[in-house]
Amino acid sequence: MAYPDVKVEIKGIQEVNAALKAYGKDLGRGLELALNRTALVALTDVRNAIENPPKTGRIYTKGRNKSIKHQASKEGEAPATDTGVLLTSTYLENRGKYGRAIGSRLPYAYHLEFGTRDGKLGKRPAWVPAVQRAMPRLLELVQIAIAKAKARAEKTTK
């Protein structure tokens, strides 16, 4: 079963495109760097959210002798790591020059993030909050990249 991508669209993209036309490759490199930095910060945030407290869901025992205790996350908290499989399945990939994706290669990660349709599993978001937290910094980095490209272009035209 294929799960849909969750896309983030930036308001003001027309202005960014106009700046790209005006400042060319110089700005393009700055934008790529801004996207790479932001995606890496968001992915690190996802991994930290999965790995670290708070996890306040039910506690259960597992293992051959029921000697291993695990505390799950409750609805609204990032998933609690148990075996580390979810954590190690996370990725960042380039999707074109100005596209970046963070996600998990595990099908059940989608259900953890958004819950199941039948309501048996509530949302345990990690990716959406990480992207939401990263967006203000991305916008700052884009503005900085545009300002630097503009300043360099003005220097060369003088």
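Contact here means heavy atoms within 4.5 Å. Helices (H or I, at least four residues) and strands (E, at least two) are DSSP runs, numbered from the N terminus. By that contact rule, the buried residues of helix 4 pack against helix 1 (13-51), helix 2 (85-88), strand 3 (90-94), strand 4 (100-104) and helix 3 (107-114). This is a predicted model: local features need pLDDT of at least 70, side-chain atom pairs count only at pLDDT 80 or more, and totals for chains, interfaces and linings use all residues. Residues are numbered from 1 along each chain as its sequence is written, and side-chain values use heavy atoms, with hydrogens and water left out.

**Helix 4**
- Helix 4 covers residues 127-157, which makes 31 residues.
- The expected span is 1.5 Å times one less than the number of residues.
- A kink of about 35° sits at Met135, shortly before Pro136. A bend is the angle between axes fitted to the seven residues ending at a residue and the seven starting there.
- Its buried residues include Trp127, Met135, Leu138 and Leu141. Buried means under 20% relative accessible area, exposed over 50%, and partly exposed in between (1.4 Å probe, protein chains only).

**Helix 3 against helix 4**
- The two axes come within 9 Å and cross at roughly 70°. Axes are lines fitted to C-alpha atoms, for helices over the stretch in contact, with angles from 0 to 180 degrees between N-to-C directions.
- That makes helix 3 roughly perpendicular to helix 4, a label for angles of 65 to 115 degrees.
- Helix 3 contributes Ala109, Glu113 and Phe114; helix 4 contributes Trp127, Val128 and Pro129.

**Helix 1**
- Helix 1 has 39 residues, but its end C-alpha atoms are only 34 Å apart. A straight helix would reach 57 Å.
- Helix 1 bends by about 125° at Gly24.
- Thr38 lies in helix 1. Thr38 is buried because its relative accessible area is 8%.
- Leaving aside neighbours within four places in sequence, Thr38 touches Ala134, Leu138 and Leu141.

**Backbone exceptions**
- Most residues other than glycine have a negative phi, and most peptide bonds are trans.
- Pro53 and Pro54 are joined by a cis peptide bond, with omega about 5°. Pro54 is in the loop between helix 1 and strand 1 (59-62).
- Lys66 has a positive phi, near 55°. Lys66 is in the loop between strand 1 and strand 2 (68-71) and counts as exposed at 55% relative accessibility.

Conventions. Angles under 35 degrees count as roughly parallel, over 145 as roughly antiparallel, 65 to 115 as roughly perpendicular and the rest as oblique.
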